[in-house]
Amino acid sequence: MNKLTCGAALAALSLAVPGAALAQRAPAAAIIVVDTERVYRECNACRAAQTQLQSQITAAQQRAQALGQPIQSESQSLEQAARAAANQQGAARTAAEASLQQRLTALQARQNSANQELARLEENIQSSRANVVRQINVRLNPIISQVMTARGANLALDTSATLARAQGMDVTAEVLAALNQQLPSVTVTPLPRQQAPTGR
């Protein structure tokens with residue numbers, strides 16, 4: 001009985017050892033943490049791009065005011081003319097209403113044109129912002145990988161994904177310095193438009 005018990009124990013042990021060996025093959029997590037929000041806020045190229053984007057936004061707002069003020073004035077004038085036409089009779093009223101309709105049609109066309117122009121401006125700003133982020137990410141991701149290698153880490157997390165961490169795990173300043181060196185500026189222009197496929 002002792003032999004059977006001993007044999008069973010050895011068999012169980014031999015079965016357990018490969019599983020333990022497999023479990024030991026997974027490396028222990030060596031983690032670095034990067035505050036990407038700070039990187040996007042503080043990098044030199046990011047600050048310069050933000051200034052340019054803000055200029056585009058301000059210009060779009062000014063253009064919206066320039067387009068909107070005459071439209072608003074004409075709209076108020078039409079309301080006054082409509083009240084005046086309501087007090088007229090016969091042919092005079094018919095002529096006034098016909099004139100009002102022409103003015104209203106022209107106003108609607110101006111408003112549609114203004115809305116389209118402002119939509120294009122907004123689209124360009126959003127596309128420029130996306131292009132800036134794309135250019136930064138092209139450099140940022142390899143830099144984070146390089147810092148991981150230099151630190152012997154096998155996992156990088158964003159600060160926003162952590163609840164608590166040791167101070168030495170945060171490599172944001174190191175990543176930021178490398179990004180400033182490798183990417184002094186970015187182009188603040190809309191993303192290239194993809195060409196539509198040509199038909200056969």
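Partly exposed describes a residue whose relative accessible area lies between the buried range, under 20%, and the exposed range, over 50%. The close-up views below come from a predicted model.

**View 1. A salt bridge between Asp170 and Arg165.** In this view Asp170 and Arg165 form a salt bridge, and their closest N and O atoms are 3.8 Å apart. Asp170 has a relative accessible area of 29%, and because this value falls between 20% and 50%, Asp170 counts as partly exposed.

**View 2. Salt bridges around Arg41.** Arg41 takes part in a salt bridge with Glu37, in which the N to O distance is 3.9 Å, and also in a salt bridge with Glu42, in which the N to O distance is 3.8 Å. Glu37 and Arg41 both belong to helix α2, which covers residues 36-42, and because they are four residues apart in that helix, about one helical turn separates them. Glu37 is exposed, at 58% relative accessibility, whereas Arg41 is partly exposed, at 47%, and Glu42 is partly exposed, at 23%.

**View 3. The salt-bridge network of Glu37, Arg38, Arg41 and Glu42.** Through salt bridges that share partners, Glu37, Arg38, Arg41 and Glu42 are joined into one network. Over the whole structure, a search finds eight salt bridges, among them the pair of Glu37 and Arg41 and the pair of Asp170 and Arg165.

**View 4. The largest nonpolar core.** This core, the largest of its kind in the model, has 24 residues, and those with the most contacts inside it are Val39, Ile136, Leu140, Val175, Leu179 and Val186. At least two residues of the core are supplied by each of β1 (31-34), α3 (44-86), α4 (90-151) and α5 (172-182). The largest share, seven residues, comes from α4.

**View 5. The surroundings of Val39.** Val39 is one of the residues with the most contacts inside the largest nonpolar core. When residues up to four places away in sequence are not counted, Val39 touches Val34, Cys46, Leu140, Thr172, Val175, Leu176 and Leu179. Among these neighbours, Leu140, Val175 and Leu179 are also listed with the most contacts inside the core.

Notes. Residues numbered from 1 in each chain as written. Predicted model: local features only at pLDDT ≥ 70, side-chain atom pairs only at ≥ 80, totals over all residues. Heavy atoms only, no water. Core = buried A, V, L, I, M, F, W, Y, C linked by side-chain atoms within 4.5 Å. Buried < 20%, exposed > 50% of the residue type's maximum accessible area, 1.4 Å probe, protein only. Contact = heavy atoms within 4.5 Å. Salt bridge = Lys/Arg side-chain N within 4 Å of Asp/Glu carboxyl O.
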